[in-house]
Each structure stands twice: as C-alpha cells, then as structure tokens.
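The sequence and the model are shown first, and the description follows.

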Amino acid sequence: MDILRFTTAGSVDDGKSTLIGRLLYDSKSIFEDQMAAMEESSKRRGDAVVNLALLTDGLKAEREQGITIDVAYRYFATPKRKFIIADTPGHIQYTRNMVTGASTANLAIILVDARKGVIEQTKRHSFIADLLRIQHVVVAVNKMDLVGYDEAVYNRIVEDYKAFASRLDNLIDITAIPISALNGDNVVDKSNAMPWYQGPSLLYHLETVYVGGEHNHVDARFPVQWVIRPLSNEWHDFRGYAGRVAGGVFKPGDDVTVLPSGFTTKVREIHTAEGLLEETFAPQSVTMTLATEIDISRGDMIVKANNPPAVTQEIEAMVCWFSQTPMAARGKYILRHTTRETQAVIRDVRYMVDINTLHKVEGVSSLAMNDIGRLALRTAVPLIHDSYRRNRITGSFILIHPGTNETVGAGMIL
Amino acid sequence: MPDYNLSHLDQLEAEAIYVLRETAAQFRKPALLFSGGKDSILMAHLARKAFWPAKVPFPLVHIDTGHNFPETITYRDEYVANLGAELVVGLVQDSIDSGRVVEEKGINASRNKLQTVTLLDTIEANQYDACLGGGRRDEEKARAKERFFSHRDEFGQWDPKNQRPELWNLFNGRKHEGEHFRVFPLSNFTEMDVWLYIQREGIPLPSLYFSHEREVFLRGGSLLAVTDFVTVQPGEAVEKKVVRFRTIGDATCTGAVESAAGTLDAIIDEVAAARQTERGTRSDDKRSETAMEDRKREGYF
C-alpha cells in the first residue's frame with residue numbers, strides 16, 4: 001500500500017464538500033458519532049440536509065460564518081491506497097491556501113460545474129496546479145444530473161479545458177471524468193446513467209494512478225539536517241550525517257562532493273536504527289557516514305560528484321505572496337531552503353501574473369497577498385539548488401519576515 | 001530502473017523522523033510530551049530511531065493529573081528506563097496546592113482542563129521552546145487544521161485563524177522570546193496507521209489497550225472505569241465487563257469499549273470495523289461542539 005496526496009479545488013457551489021463527503025462516506029471513513037454530530041449541528045443551523053462541509057470546517061469561526069478559512073487535511077484509505085486530502089477553499093482570496101495544499105500534492109481534482117463549463121476559477125486552479133508542478137490533474141465535471149447526463153455537454157467542456165491547458169507548461173496527465181457527487185454517479189462506482197462514458201470511476205482512478213515518479217531518482221541530493229555524534233564507548237568515533245534524501249540514489253562507495261566546501265570523499269555506510277542499507281533514495285530518512293573526516297554541518301549538501309546542483313547567490317523564482325503586508329520593494333527577508341537559512345534581498349519584480357488571464361503584467365514593483373510573480377533575488381550565502389521543475393525539494397523555498405517571523409512568501413526556483 | 005517506492009508506513013516513518021530532527025535542529029531546548037498513550041509511545045519510538053546511535057537529545061515530559069490508571073505509570077517508568085531518556089513530571093496536584101488552579105466541582109469534575117496550566121508552567125519553568133506532541137490530524141476536526149510546527153504566543157495560546165502556512169517540507173520555527181512551538185510529527189498518521197506501525201515494529205503497549213475484565217458504569221454515553229477518582233452516583237449501575245481502552249487519558253474522562261480484542265491482530269480488525277471515532281470515548285471532547293479548539297486555544301496538548 002502506498003500514499004496518494006491530492007488537493008481539491010472548487011468552491012462550495014461546485015459541490016466540493018459533497019464530493020469529499022461522498023468519498024469519505026462511501027469508503028466508510030465517516031464515523032457514526034461524527035455523522036450524528038454533523039446532523040445535530042446542521043439541524044441547529046437550520047440546514048435542510050446534512051451539511052457535509054461541517055466535517056472539514058472544524059473551527060468555530062468557520063462554522064459560524066459558513067466559510068472555509070484554511071487548509072484542512074482529511075484521511076481515508078481503501079485496501080489499495082492511503083489517501084491524504086488537502087482540502088482548500090476555492091475563492092480568489094485564497095490563492096495562498098491552494099498553493100499550500102498543492103505543494104505536497106501528487107494530484108489535483110479540479111471541479112467544473114457542468115452547467116457553467118470552464119470558467120475563470122477553473123483556469124486559476126489549473127494555473128496553480130501547473131505552477132506547483134502537480135503531475136496529475138482530474139477534471140471532475142460535476143452536476144451531470146442537472147444537464148440530463150448529456151454527452152455533448154461533457155465533450156464540449158473537455159475540449160474547452162484541453163484547449164486552455166495546452167497553454168500551460170507542465171500538466172502532464174489530464175483525466176476528465178463526468179460525475180454527480182450528489183447522486184454518486186462515477187464517484188465510487190461506474191454510473192448506469194452515462195453508458196457513453198468508457199473511463200474509470202473517480203475512486204478507481206485515484207486508486208490506480210501511478211505516483212511512483214514523484215521523486216527525482218536521478219540527481220543525488222542529501223541536505224544535512226543534523227550531525228549525530230553519540231560520544232559513547234560503543235560508538236566512540238561515530239560521526240554520522242542525518243537527513244532525508246532529496247533526490248537520486250546513494251550507495252556505499254559512491255564518490256560524493258560536499259557543498260559548499262567542494263571537498264570530495266566516498267560514502268562509507270548508510271545507517272538506520274534497524275541496520276545498514278545497501279542503498280538509499282528519496283524520501284528516506286537515514287544517517288550517512290563518509291570515508292574521510294570533513295567539517296560538515298547542518299545546511300551543507302552531500303551530492304554525487306559527477307552531477308552537482310547549481311551553487312549561486314543570484315536566484316530567479318516564481319513567488320506567491322502570503323502576507324497581508326505587501327512585499328517591500330528591495331526588501332530583505334529570511335529565506336529558508338532545504339536545511340539552510342539565509343538572508344535574501346528582492347532585487348527586482350520581473351513581472352506579475354494575472355491569474356485570471358495568465359497574462360504577464362510588467363512594471364510592477366511589489367506583490368500583495370495572493371499575487372504570484374517572477375522575482376530576482378540575491379542571497380547572503382550561496383543556495384545549493386536545482387530548478388523546481390527538476391526537483392521539488394531542492395527547488396523550493398519560503399520567505400520569512402525578519403520582524404514578525406511570519407511566513408510571507410513561497411518560491412519556486414526557475 | 002528499480003522501483004523506488006516506499007510503503008505508506010515507511011513514508012510516514014521517514015516524514016516523522018524528518019520532523020523530529022528538524023525540531024532538534026531548530027530549537028534550543030525541545031521536550032517530548034509523553035502521556036503513556038499509544039501515540040506518545042510511538043513518537044518516542046520514532047525519536048529513538050531518528051537520533052540512533054546517539055541518545056534522544058531531549059527529555060520526556062509527563063503532565064500527571066494524578067488520576068492515572070496505575071498501569072500507565074508502571075509502563076511509563078519502564079519505558080523511559082529502557083530508552084535511557086530523562087523524565088520530567090509536572091504534577092497537576094502541585095498546581096492545585098499552589099493555588100494556580102482550582103479543582104472542578106460536581107460529579108463530572110475532571111482534571112483534564114487543569115492540565116493546561118500545569119503544562120504551561122512546566123514549559124516555562126524548564127524554558128522549553130518546543131514541545132513534541134503525539135496529536136494526529138484525523139483525531140478531531142480542530143486538529144485537522146493543525147500544522148506540523150504550530151506556533152504558541154507568550155501565553156501559550158494557539159491562534160487557529162492566523163497560522164503560518166506550511167509548504168513542502170519547509171518548517172518555520174522562528175519565534176520571539178517567551179513564545180514556543182508545539183510540534184506534531186505524527187500529523188499524517190491515522191488511528192489505523194498507528195496500530196499497523198505498532199504491530200510492524202513490535203512496540204510493547206500498556207495492558208489497558210488489550211481486553212480485560214473491569215468494573216465499569218455508564219455515564220453520559222461513556223463506560224467509565226470504577227477508580228478512586230470518580231464517585232459512582234445513585235442510579236449508576238456498576239457491572240463487570242470485558243473491556244479495553246482505545247485511548248488512554250485521565251481516568252475520569254476516558255471511556256472504555258466493550259471488546260474481546262486481546263491481541264494487536266484482533267485490535268486492528270476491530271479498528272477496521274469500528275463505526276465510532278476513537279475520541280468518541282472521551283467525555284472531555286463532548287463538553288461543547290468546539291471543546292477541542294477551545295482547549296487548544298488556551299494551550300492544551
């Protein structure tokens with residue numbers, strides 16, 4: 001059994017809560033006491049039917065105002081897979097929440113109302129999924145029951161979507177499924193109402209879509225997280241480098257370079273509490289020992305000697321701004337990347353993206369909350385990085401305000 | 001190319017170890033909150049793995065209501081001795097004696113809520129700047145919005161509407177003097193994952209989790225055990241039943257379930273078929289619709 005992490009995009013009107021509720025309910029992941037609590041809350045609020053949104057909207061303010069504030073994580077499992085849903089609200093002001101949910105997702109479900117077709121919101125969600133390099137997108141054309149399960153309506157929407165998606169860079173795998181979340185058509189079981197649809201049900205697709213290619217298994221990257229020195233009699237001279245493999249495969253005997261110092265050595269052993277490993281790959285957490293004693297500390301990176309990442313102080317990146325306080329032009333922020341923290345100064349805003357039209361807006365000097373733009377940054381020490389396109393772990397960073405300590409931005413290195 | 005895929009338990013383990021090491025690296029003085037329940041046992045097990053062959057570089061902290069099942073304390077002391085870690089105990093009784101908190105009155109009196117004050121006092125007295133907790137997002141709706149690295153202000157309060165966004169595996173543990181963090185390495189484990197992992201790793205658990213005969217009585221929909229800490233009211237019938245506990249907390253608010261599951265295999269079958277959440281046995285969650293959020297805002301676990 002493995003894990004599929006997916007995010008759902010769409011507003012309440014698109015039936016997103018209903019869809020999640022149905023996936024959880026039909027996979028028996030909603031418990032009787034949760035159902036009873038929801039029924040009681042719905043009754044008290046005067047809702048006509050049980051409001052499945054109450055399952056994910058757990059905070060007091062959300063329940064009072066009937067809105068989703070933040071990313072909620074939900075879990076369910078079938079005999080084939082464990083699923084983690086990052087449920088994010090779809091309104092325009094919540095771009096930052098969708099970016100957050102998408103950052104750890106393998107797949108995005110984008111809900112389209114069959115009566116409305118591909119609208120601005122669909123494009124916005126697709127752009128974010130593409131920007132965050134989610135490999136698989138499911139276009140769930142919902143409310144098919146309200147258009148008489150009409151094949152022509154569905155086909156037109158799929159054509160519109162594909163025409164639009166051809167303008168995006170990265171979306172690799174797009175699967176369209178006609179559903180009715182309310183009636184359960186094509187959600188868990190194939191629907192009898194749409195005999196013209198030959199594809200899988202949504203759950204079958206989620207259970208079987210290939211996610212093995214999520215991690216980069218080519219470029220060996222090991223950001224050092226913590227140095228382990230037991231200083232005990234048994235492990236007197238042990239000096240191990242603990243971390244989580246961010247890419248590629250390491251084996252004992254491999255020639256490696258330690259960055260930024262540039263010293264070269266060999267991998268001696270790969271330790272875990274269960275014993276030695278013959279190889280390690282992303283996203284395993286292990287402890288490495290090296291053949292020679294080199295001064296290595298947190299923030300350094302061990303890489304294969306023949307395949308180094310970039311080491312530069314000048315970075316170009318797509319950045320989404322998270323803070324209510326707009327980015328300061330030429331502002332200085334703390335930048336956290338892999339296990340390294342340094343200072344960064346914003347040198348230039350190359351352009352901002354209008355996420356409704358996907359047009360580039362030039363001549364902008366700052367980004368406000370939920371804006372996405374391309375920035376040029378300079379860091380105080382070199383970043384040991386790959387492009388985000390090549391490696392999501394070594395290509396991503398966050399920006400932190402040095403005064404408030406808030407996370408104010410998220411960046412993807414170009 | 002070989003198939004470099006990890007099973008779901010291996011992925012969860014690698015993630016939790018990463019979070020534990022990040023905590024050691026980003027904070028000056030972290031501590032691991034250890035209740036003797038299965039989640040904190042699992043977390044301590046992962047902490048041993050994360051820093052092996054060195055020792056776990058932080059103490060285990062138990063906030064003790066004094067209303068424990070004796071099995072929990074026996075287990076705690078043996079477990080900590082095996083781990084070779086330091087144990088710090090914060091006593092709710094001390095907070096009561098010093099007048100920091102007042103014992104609740106009435107038949108449903110519980111020290112569950114009082115623990116928050118003892119916890120925050122223990123954090124302050126020892127100057128811990130990060131406390132690792134075994135909370136999981138699948139446990140409760142307020143926890144579903146919790147971060148791995150969760151900020152607490154100088155009063156120990158959680159502000160759920162104003163949380164730091166958490167992207168990729170980049171955790172922001174920066175804080176001002178006097179503030180601290182709660183860190184939840186098991187965020188993505190579900191109850192089932194916890195049991196499957198405990199089975200796979202062969203982690204010994206307190207006997208309370210396995211079925212046994214015990215005197216219990218029904219109150220507010222929960223089967224409470226007869227202990228020195230609760231007074232059975234007239235009209236409440238005490239019966240001997242074969243029960244076990246799905247969660248272990250303060251004896252005054254942790255309900256038992258009728259169960260014949262005496263092995264991990266049987267428990268896993270039971271969890272798979274369960275139609276009630278595990279916290280359905282916790283009367284502390286039933287005090288209001290947002291009881292967990294309210295307590296967490298004040299600084300609860």
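## Charged side chains

Chain A carries 45 positive and 49 negative side chains, and the centres of these two sets are 3 Å apart. Lys and Arg are counted as positive and Asp and Glu as negative, while His and the chain ends are left out. Each charge is placed at NZ of Lys, CZ of Arg, CG of Asp or CD of Glu.

## Basis of the model

The model is predicted: local features require pLDDT of at least 70, side-chain atom pairs count only at pLDDT 80 or more, and totals for chains, interfaces and linings use all residues. Residues are numbered from 1 along each chain as its sequence is written, chains are lettered from A and ligands numbered from 1 in the order in which they are written, and side-chain values use heavy atoms, without hydrogens and water.

## Overall form of chain A

Chain A contains 8 helices and 23 strands; these are DSSP runs numbered from the N terminus, with helices (H or I) of at least four residues and strands (E) of at least two. The C-alpha trace of chain A spans about 70 × 55 × 40 Å along its principal axes.

Of the 414 residues in chain A, 60% count as buried. Buried denotes under 20% relative accessible area, exposed over 50%, and partly exposed the range in between (1.4 Å probe, protein chains only). Among contacts (heavy atoms within 4.5 Å) in chain A with a separation of 6 or more, 70% are between residues 24 or more positions apart.

## Aromatic pairs

The whole structure holds 24 aromatic pairs over all chains. Rings of Phe, Tyr and Trp (its six-membered ring) pair if their centres lie within 6.5 Å; planes under 30 degrees apart are stacked, over 60 edge-to-face, and the rest tilted. The rings of A:Trp321 and A:Tyr333 have centres 5.4 Å apart and planes at 70 degrees, so this pair is edge-to-face. A:Trp321 belongs to strand β17 (residues 310-321) and A:Tyr333 to strand β18 (residues 332-337), 12 residues apart. A:Trp321 is buried, with a relative accessible area of 1%, and A:Tyr333 is buried at 5%.

In chain B, ring pairs join B:Tyr18, B:Phe27, B:Phe148, B:Phe149, B:Phe171 and B:Phe181 into a cluster.

## Surroundings of A:Glu316

A:Glu316 also lies in strand β17 of chain A and is partly exposed, with a relative accessible area of 21%. Leaving aside residues up to four places away in sequence, A:Glu316 touches several residues, including A:Arg350, A:Arg374 and A:Leu414. A:Glu316 and A:Arg378 are 62 residues apart in sequence, and their C-alpha atoms are 8.9 Å apart in space.
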